[in-house]
Amino acid sequence: MRKLPRVLVVEDEPGIAELIAVNLRHNGFAPTVVFDGAAAQREIDAVLPDVILLDWMLPEESGVALAKRWRAHERTKPVPIIMLTARTEESDKVQGLDAGADDYVTKPFSTHELLARIRAVLRRRAPEIVNDSVQVGELLLDAATYRVSYQGRELKVGPTEFKLLHFVMKHPERVHTRGSLLDRVWGDHVFIEERTVDVHVKRLRESLGEAGKMIETVRGAGYRLSAQAMLKAAKAA
């Protein structure tokens with residue numbers, strides 16, 4: 001089973017922090033609670049979280065200052081930040097968003113709303129298919145028209161298998177681990193078993209028919225799409 005999404009909770013009020021942490025644990029997240037910016041930075045330096053819940057009013061350094069700093073740093077720039085604050089004025093919201101926050105939740109807030117906001121910012125990290133076309137050997141995929149063909153014959157491929165095929169065709173001859181395929185095809189916000197990849201690879205091979213031989217299993221490593229695999233199969237026959 002893949003690891004639960006990590007949520008760094010930066011909140012100086014222990015009661016609120018504990019309430020958030022309990023609800024996160026009960027809903028499939030792995031929270032880490034800190035009470036100031038220095039502790040938050042230490043956690044980030046050790047392990048990059050998947051989401052940061054950041055209180056505006058913190059001792060010593062404000063949440064706005066922290067958000068600006070993390071957005072300016074290449075390593076922390078992609079991490080979604082949700083600002084938590086009692087400030088409700090529109091100007092305050094604008095300031096928080098301009099500082100680099102992806103979302104803004106005002107106190108008091110419902111835990112259901114907060115969880116929904118977290119899921120929303122994680123969904124935005126899902127990979128998108130570029131509307132291009134790619135060809136490997138006689139296998140052709142056109143993302144714009146959502147068509148796959150082999151030797152001029154159109155093939156029926158399911159939506160997940162289509163995304164999987166598109167990725168491996170864009171990176172032929174490379175070995176991809178199950179974990180890397182999950183992150184690059186499903187998105188790094190999705191937390192499912194790596195063996196799920198095996199199921200979809202099997203379905204993809206079946207959908208591709210003869211061209212399914214192009215998808216090689218690299219024992220102990222993962223999968224590779226190779227035009228050379230067709231030549232090997234032909235010689236073996």
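Modeller: Let's start with β1 and strand β2 (residues 30-34), which run parallel and are joined by five bridges. Two strands count as paired if DSSP finds at least two bridges between them. Helices (H or I, at least four residues) and strands (E, at least two) are DSSP runs, numbered from the N terminus. Within β2, V33 is the bridge partner of V9. To get from β1 to β2, the chain passes through helix α1 (residues 14-26), and this β-α-β crossover is right-handed. Right-handed here means that, with the strands pointing away from you, the path from the first strand over the helix to the second goes clockwise.

Before going on, keep in mind that this is a predicted model: local features need pLDDT of at least 70 and side-chain atom pairs count only at pLDDT 80 or more, while totals for chains, interfaces and linings use all residues. Residues are numbered from 1 along each chain as its sequence is written, and side-chain values use heavy atoms, with hydrogens and water left out.

Back to β1: it also pairs with strand β3 (residues 51-55), in the parallel sense, over four bridges. There, V10 has L54 in β3 as its bridge partner. Strand β1 (residues 6-10) is mostly covered, with four of its five residues buried. Buried means under 20% relative accessible area, exposed means over 50%, and partly exposed lies in between (1.4 Å probe, protein chains only).

Now for another set of strands. β6-β7-β8-β9 is the order in an open sheet of four strands, and the pairing is antiparallel. Its edge strands, β6 (133-136) and β9 (153-155), each pair on one side only. From one strand to the next, the twist averages 25 degrees. Angles run from 0 to 180 degrees between N-to-C directions, using axes fitted as lines to C-alpha atoms, for helices over the stretch in contact.

Zooming in, β6 and strand β7 (residues 139-142) run antiparallel and share four bridges, and S133 sits opposite D142 in β7. Helix α6 (residues 159-170) lies across β6, β7 and β8 (147-150), at about 115 degrees to β7. In strand β8 you'll find S149, which is buried because its relative accessible area is 16%. Beyond its neighbours within four places in sequence, S149 is in contact (heavy atoms within 4.5 Å) with E138, L139, L140, E154 and L155.
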